Amino acid sequence: MVRDSFEAAHASHTLLRRAMLVRVANIKNALEEHREPLYRYALIHLRDRELAEDLVQATLLSAIESADGFRGDSSPRTWLISILNHKIIDHVRKAAHDPI
């Protein structure tokens, strides 16, 4: 009986883990189509290719982590640009306060 319960719990955990991995992969694939427009937006504002790529990567990671928070009030690209814009503002503020 205990063994059956353990096996059922393990099977449930395995299924849940697989479902979560598939969900994250699906979200990641959906977001990838926005990478290039986000990069261009960041590059226009930052004029630094490496920094633009870093902030786009951070934006996509934040979007994956907070995908449940997307309410659909705007397009996914608008939502992503909003996240990216906050990342850019945070970077500029931090750079203004950091000594050279």
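This is a predicted model: local features need pLDDT of at least 70, side-chain atom pairs count only at pLDDT 80 or more; totals for chains, interfaces and linings use all residues.
What does T59 touch, once its neighbours within four places in sequence are left aside? The contacts are L80, I83, L84 and K87.

S62 sits in helix 3 too. At 18% relative accessibility, S62 counts as buried, because the cut-off for that word is under 20%. Again leaving aside neighbours within four places in sequence, S62 is in contact with I83 and K87.

## How helix 3 meets helix 4

Now for the two helices as a pair. Helix 3 covers residues 49–65, and it packs against helix 4 at an angle of about 125°, with the axes 9 Å apart. That angle makes helix 3 oblique to helix 4, and the crossing is right-handed. On the helix 3 side, the contact is made by L51, L55, V56, A58, T59, L60, S62 and A63. Helix 4 brings W79, L80, I83, L84, K87, I88 and H91 to the contact. Sorted by class, this contact has 11 nonpolar, three polar and one charged residues.

A bit of helix geometry is handy when you look along these lists. An α-helix has 3.6 residues a turn, so residues three or four places apart point the same way.

## Helix 4 from end to end

Why does the span of helix 4 agree with what its residue count predicts? Helix 4 runs over residues 76–97, and at 1.5 Å a residue its 22 residues should span 32 Å; the end C-alpha atoms are 32 Å apart, so the two agree. The buried residues of helix 4 are W79, L80, I83, L84 and I88.

I89 is in helix 4 as well, but it is partly exposed, with a relative accessible area of 33%. I89 and H45 are 44 residues apart in sequence, yet their C-alpha atoms are 10.0 Å apart in space.

## Helix 2 and its own checks

Helix 2 takes up residues 35–46. At 1.5 Å a residue, its 12 residues should span 16 Å, and its end C-alpha atoms are 16 Å apart, which agrees. Which residues of helix 2 are buried? They are R35, P37, L38, Y39, A42 and L46.

## Helix 2 against helix 3

Helix 2 and helix 3 pack at an angle of about 130°, and their axes are 8 Å apart. That makes helix 2 oblique to helix 3, and their crossing is right-handed. From helix 2, the residues R35, L38, Y39, A42, L43 and L46 come into contact with R49, L51, A52, E53, L55, V56, Q57 and L60 of helix 3. By class, that contact has 10 nonpolar, one polar and three charged residues.

## Helix 2 against helix 4

Helix 2 also meets helix 4. Their axes come within 10 Å and cross at roughly 30°. Are these two helices roughly parallel or roughly antiparallel? They are roughly parallel to each other, because the angle is under 35 degrees. This crossing is right-handed.

Helix 2 puts P37, L38, Y41, A42, H45 and L46 into the contact, and helix 4 puts in R77, L80, I81, L84, N85, I88 and H91. The class count here is nine nonpolar, three polar and one charged residues.

Where does R47 sit? It is in the loop between helix 2 and helix 3. R47 is exposed, with a relative accessible area of 73%.

E50 is back in a helix, namely helix 3. E50 is exposed as well, because its relative accessible area is 60% and the cut-off is over 50%. E50 and D68 are 18 residues apart in sequence, and their C-alpha atoms are 29 Å apart in space.

Conventions:
Residues are numbered from 1 along each chain as its sequence is written. Side-chain values use heavy atoms; hydrogens and water are left out. Helices (H or I, at least four residues) and strands (E, at least two) are DSSP runs, numbered from the N terminus. The expected span of a helix is 1.5 Å times one less than its number of residues. Buried means under 20% relative accessible area, exposed over 50%, partly exposed in between (1.4 Å probe, protein chains only). Axes are lines fitted to C-alpha atoms, for helices over the stretch in contact, and angles run from 0 to 180 degrees between N-to-C directions. Angles under 35 degrees count as roughly parallel, over 145 as roughly antiparallel, 65 to 115 as roughly perpendicular and the rest as oblique. A crossing is left-handed if the near helix is turned anticlockwise from the far one by less than a right angle, and right-handed if clockwise. Contact means heavy atoms within 4.5 Å. Ala, Val, Leu, Ile, Met, Phe, Trp, Tyr, Cys and Pro count as nonpolar, Asp, Glu, Lys and Arg as charged, and the others, Gly among them, as polar.
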